[in-house]
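Welcome! Please take a moment to look at the sequence and the model, and then let us walk through them together.

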Amino acid sequence: MKHYSLSPQLHSVSDFKLPKYSDTYIFNCMMDFQKLAEYQIKLAQMMRDHHQFQNCLILCDRALFSMAKAMYVYRNQIIPSYIRSMTDLFPLIHTDAEPNLDMVLFIDTVHYLVSGEDEASEETMRQEEVDKLLYKTDSILESLSQRIVADPSKRYPSIFKESPLH
């Protein structure tokens, strides 16, 4: 019996070619992910203001994931069809040229808390903790945006430069 899955015709090089996108399309996709991160962090701030701390945590996690996807598009110049998890994107954040282990640890901790694998994530968060979460997330989003967007007017704008937490 012939194993068709091993056939060279089924696994030719042409099968694995990625679609070609223009530089403008790639840039717009990257900016869309960055804008999504901006919307998510603004919504997280609104959730904080309404004492919805768990929702704030989830939205901070999503904002970090969206900005990491923007980095993926920037570094690889391709549109991601599917990214399994944030851990797949950590090598983009912590590199030899840009060591950011503290950033990776923070992102991973937030993601772990959101996953609900630990009973500690069920504990009530205090507003001071959520404020620190928002500040740190905002700071990371700014830092990652600076790596991928040269024009300062198109970078992620901090939510705290407009108005600090009330």
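Predicted model: local features only at pLDDT ≥ 70, side-chain atom pairs only at ≥ 80, totals over all residues.

Residues are numbered from 1 along each chain as its sequence is written, and side-chain values use heavy atoms, with hydrogens and water left out.

The protein has six helices and zero strands, so read from the N terminus its elements run α-α-α-α-α-α (helices are DSSP runs of H or I with at least four residues, strands are runs of E with at least two, and both are numbered from the N terminus). Of the 166 residues, 38% are buried, where buried means under 20% relative accessible area with a 1.4 Å probe, counting protein chains only. The protein exposes about 10,500 Å², and carbon and sulfur atoms supply 55% of that area, as computed by the Shrake-Rupley method with a 1.4 Å probe. Among contacts with a separation of 6 or more, 67% join residues 24 or more positions apart; a contact means heavy atoms within 4.5 Å.

Now find helix 2 (residues 53-76). Its axis and that of helix 5 (residues 127-148) come within 10 Å and cross at roughly 10° (axes are lines fitted to C-alpha atoms, for helices over the stretch in contact, and angles run from 0 to 180 degrees between N-to-C directions). The two helices are therefore roughly parallel, a word used for angles under 35 degrees. Residues making this contact include Leu 57, Cys 60 and Met 67 of helix 2 and Leu 134, Ile 140 and Leu 144 of helix 5. The residues of this contact divide into 17 nonpolar, three polar and two charged (Ala, Val, Leu, Ile, Met, Phe, Trp, Tyr, Cys and Pro count as nonpolar, Asp, Glu, Lys and Arg as charged, and the others, Gly among them, as polar).

Helix 2 also packs against helix 4 (residues 101-115), at an angle of about 135° and with the axes 9 Å apart. Among the residues in contact are Leu 57 and Asp 61 of helix 2, with Phe 106 and Val 110 of helix 4. This contact divides into eight nonpolar, two polar and one charged residue.

Finally, look at Glu 38 in helix 1 (residues 23-49). Is Glu 38 buried or exposed? Glu 38 counts as buried because its relative accessibility is 8%. Leaving aside neighbours within four places in sequence, Glu 38 is in contact with Tyr 156 and Pro 157.

Definitions and conventions: Buried < 20%, exposed > 50% of the residue type's maximum accessible area, 1.4 Å probe, protein only. Parallel < 35°, antiparallel > 145°, perpendicular 65-115°, else oblique.
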